[in-house]
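Please walk me through the spaces inside this protein and the places where its ligands sit.

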Amino acid sequence: MKTLTTQVCIIGAGPSGLLLGQLLNDIGVDTIILERSSLDHVLSRVRAGVLEQGMVALLERAGVGERMHSQGMVHGGFAITHENDFHRIDLDRLTGGKTVMVYGQTEVTKDLVERRAATGGVTHYEASSVDLHDFDGDTPHVTCRIGGEDVRVECKYIAGCDGFHGASRRSVPESAIRTFEKVYPFGWLGIMSDVPPVSHELIYASHSRGFALCSMRSMSRSRHYIQCDAGDSVEAWSDEQFWSELRRRLPPEIAETLTIGPSFEKTIAPLRSFVAEPMRFGNLFLVGDAAHIVPPTGAKGLNLAASDVNYLFEGLRGYFLEGDASLLDAYSKRALSRVWKAVRFSWWMTTMLHRFPNQTPFEARILEAELAYTLESEATKAALAENYVGLPY
Ligand code: FAS
Ligand code: PHB
């Protein structure tokens with residue numbers, strides 16, 4: 001068995017693992033990242049598209065702000081449509097000048113992968129049989145197979161950045177962890193297409209036929225979603241069927257300007273809210289999707305991963321550079337406080353904008369009133385805006 005030694009062993013080379021690894025390496029704290037998939041697979045993932053200002057600042061600090069600022073798009077607002085009505089949510093005005101950055105998670109990952117390689121960070125891709133050991137004891141370590149060889153990584157701390165289906169959360173004894181979950185009775189069918197977006201800002205559509213979202217990656221690449229049945233399959237949706245359903249869920253004056261074209265990516269994502277408590281187990285810290293999942297309606301998943309990274313980075317910096325473990329001890333409480341507020345916001349936006357099968361007439365009226373009140377009241381629009389741009393870290 002080959003033995004490697006590092007200060008922090010990071011499981012997973014998604015946004016959480018890569019961002020944490022870069023911030024730590026940049027202050028001289030050694031990390032090794034163990035990633036199950038190939039580099040190509042990691043770079044091929046298409047997921048989030050909206051970055052809060054807190055995440056933008058962290059990416060700048062990690063040295064990957066240049067391409068984001070040159071290719072990303074700063075948005076000062078977005079629209080909510082309800083049947084044929086159009087309402088702009090003016091983030092800039094409602095939050096006193098805050099905005100969001102539209103820049104795909106794929107690009108964020110690419111920038112972080114390149115930065116880590118350029119600054120000598122060690123990442124082992126295609127690491128299999130990753131197992132976590134003695135994270136509650138004195139010799140935390142991780143074993144895995146790399147290139148057909150058994151490897152043991154000895155470390156002081158383990159950062160579980162391996163997503164919802166990873167090994168980290170599953171390594172925690174059931175008696176030590178409490179989970180909270182809500183599974184929604186629908187999914188999102190998403191496509192990518194190299195056609196201009198229908199608007200210069202995002203459009204969240206609430207319609208009797210179901211929810212839709214018109215987003216983008218650039219002014220020549222669109223990212224669209226429609227609510228679909230939880231058991232739906234991608235094969236059941238041709239491009240033509242997708243585009244015609246999307247058109248039906250938009251106000252006519254927008255639908256008629258929709259540019260359609262072939263999709264080069266088409267997936268269905270299930271929607272769930274999930275939180276694991278606590279987020280620390282001895283020398284193991286859960287980060288990002290390893291600890292929580294939100295429906296993408298509020299664009300919070302990727303951004304919560306960033307705020308977890310911020311809190312854990314502050315804790316590890318305090319420990320390794322100043323011998324002060326207080327912020328490490330506070331990690332789980334600080335992270336969960338912000339996580340639950342984002343879980344609430346994502347649940348609220350999802351519940352308000354989607355159509356639920358088996359909804360009673362009373363429930364349908366209540367949700368219509370919720371949306372009408374939200375769109376009429378400055379107070380509720382301000383609350384929507386401050387959550388959308390991101391609550392403070
Ligand atoms: P990730 O899941 O991104 O990364 C985990 C990494 O760990 C992966 O590279 C995985 O290969 C690796 N891994 C897993 N198990 C391992 C093991 N045993 N050993 C080693 N490595 C292992 N968020 C939004 O804000 N907006 C969206 O529109 C949006 N759309 C999404 C669509 C889909 C289909 C999915 C799945 C998620 C979406 N999300 C969205 C949420 C998503 O962006 C996550 O919040 C974000 O990827 C979280 O990053 P990580 O915590 O790094 O987890
Ligand atoms: C995206 O562009 O993929 C996106 C944007 C906003 C969301 C969800 C997804 O709320």
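The lining of the largest cavity is made up of 4 charged, 3 nonpolar and 2 polar residues; here Ala, Val, Leu, Ile, Met, Phe, Trp, Tyr, Cys and Pro count as nonpolar, Asp, Glu, Lys and Arg as charged, and the others, Gly among them, as polar. Those lining residues are E52, K300, R338, K341, A342, F345, N387, G390 and L391. Helix α11, residues 331–353, gives the most, with 4 residues. Helices (H or I, at least four residues) and strands (E, at least two) are DSSP runs, numbered from the N terminus.

This is a predicted model, in which local features need pLDDT of at least 70 and side-chain atom pairs count only at pLDDT 80 or more, while totals for chains, interfaces and linings use all residues. Residues are numbered from 1 along each chain as its sequence is written, chains are lettered from A and ligands numbered from 1 in the order in which they are written, and side-chain values use heavy atoms, with hydrogens and water left out.

How is such a space found? Rolling a probe the size of a water molecule over the atoms shows where empty space is left. On a 1 Å grid over the protein atoms alone, a cavity is a set of points where a 1.4 Å probe fits but cannot get out, whereas a pocket is an open set with protein on both sides within 12 Å along at least five of seven lines; lining residues have an atom within 4 Å of a point. Grid points are joined across faces, edges and corners, and a volume is the space filled by probe spheres set on the points. The count comes to 1 cavity of 30 Å³ or more, and the largest cavity holds about 60 Å³ of space.

A residue counts as near a molecule if one of its heavy atoms lies within 4 Å of it. A polar side-chain atom of R217 lies 2.7 Å from an oxygen atom of ligand 2, and one of Y204 lies 2.8 Å from an oxygen atom of the ligand. P296 takes part through a backbone N or O atom, 2.7 Å from an oxygen atom of ligand 2. Taken alone, ligand 2 exposes 280 Å², and the protein buries 98% of that; these accessible areas come from the Shrake-Rupley method with a 1.4 Å probe.

Finally, ligand 1 is surrounded by 28 residues, the closest being S16, E35, R45, R47 and Q105. A polar backbone atom of R36 is 3.1 Å from a nitrogen atom of ligand 1. Backbone N or O atoms also lie 3.2 Å from an oxygen atom of the ligand in G301 and in L302. Alone, ligand 1 exposes 990 Å², of which the protein buries 87%.

Definitions and conventions:
A polar contact is a pair of N or O atoms within 3.5 Å; within protein, one must be able to donate a hydrogen and the other to accept it, and residues adjacent in sequence count only if both atoms are side-chain atoms.
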